[in-house]
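Biologist: Before we turn to particular features, could you show me how to read a model of this kind, one term at a time?

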Amino acid sequence: MDSDRFRTALLEERSRIESAIDYLHRETPGSLEDETEEVLGTSDNHLGDAASGTLDREIDYTLEGHSEQVLAQIDTALTRIDDGTFGTCANCGRQIPEERLEARPWASLCIECQRDTDR
Ligand SMILES: [Zn+2]
């Protein structure tokens, strides 16, 4: 497991999310919940005007309404890299497939346990 690569990915992801949160706070002052509704209510055209390619991705986090949560998960994952438990499921202890970590390097549960949690 090349955890350095995931550490870099996690740090990049964290700064992306932080700048997305900053951006949204600057654009529309107020609570994040209000902003989310506002963004959801705007047309695709408006989003296209306001957002570059990167920004589209940043707004996605807010639309999902869990950017703060992902930030916390990223910090947890970075801690797990340091203590050597990164890449194993926090619930059942099995190895998390590398494809899953590529897509969500902050994942702390394998797909099966995540499914149980979401249920
Ligand atoms: Zn598991």
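Modeller: Let us begin with accessibility: a residue is buried under 20% relative accessible area, exposed over 50%, and partly exposed in between, with a 1.4 Å probe and protein chains only. By that scale Cys92 is partly exposed, because its relative accessible area is 35%, whereas Cys89, at 4% relative accessibility, counts as buried. Please keep in mind that this is a predicted model, in which local features need pLDDT of at least 70 and side-chain atom pairs count only at pLDDT 80 or more, while totals for chains, interfaces and linings use all residues. Residues are numbered from 1 along each chain as its sequence is written, and side-chain values use heavy atoms, with hydrogens and water left out.

Biologist: How many helices and strands does the protein chain have?

Modeller: Helices (H or I, at least four residues) and strands (E, at least two) are DSSP runs, numbered from the N terminus. The protein chain has seven helices and zero strands, and of its 119 residues 34% count as buried.

Biologist: How does the span of helix 1 relate to the expected value?

Modeller: The expected span of a helix is 1.5 Å times one less than its number of residues. Helix 1, with 25 residues, reaches 36 Å from its first C-alpha to its last, close to the 36 Å expected at 1.5 Å a residue, and helix 5, with 17 residues, reaches 24 Å, close to its expected 24 Å. An α-helix has 3.6 residues a turn, so residues three or four places apart point the same way. The buried residues of helix 1 include Phe6, Leu10, Glu13, Ile17, Ala20, Ile21 and Leu24, and in helix 5 Ser67, Val70, Leu71, Ile74, Ala77, Leu78, Arg80 and Ile81 are buried. Just after helix 5, Gly84 takes a positive phi of about 85°.

Biologist: Which residues touch the most other members of the largest nonpolar core?

Modeller: A nonpolar core is a set of buried Ala, Val, Leu, Ile, Met, Phe, Trp, Tyr and Cys residues joined through side-chain atoms within 4.5 Å. Of the 18 residues in the largest one, Leu10, Ile17, Ile74, Phe86, Cys89 and Trp106 touch the most other members. Helix 1 (3-27) and helix 5 (67-83) each supply at least two residues of this core, with the largest share, six residues, coming from helix 5. If contact means heavy atoms within 4.5 Å, then Leu10, leaving aside its neighbours within four places in sequence, is in contact with Ile74, Ala77, Leu78, Ile81, Phe86, Pro105 and Trp106.

Biologist: Which residues form an aromatic pair?

Modeller: Rings of Phe, Tyr and Trp (its six-membered ring) pair if their centres lie within 6.5 Å; planes under 30 degrees apart count as stacked, over 60 as edge-to-face and the rest as tilted. The structure holds one aromatic pair: Phe6 and Phe86, which are tilted, at 5.4 Å centre to centre and 45° between the planes. Phe6 lies in helix 1 and Phe86 in the loop between helix 5 and helix 6 (98-103), so the pair ties together parts that are 80 residues apart in sequence. Both Phe6 and Phe86 are buried.
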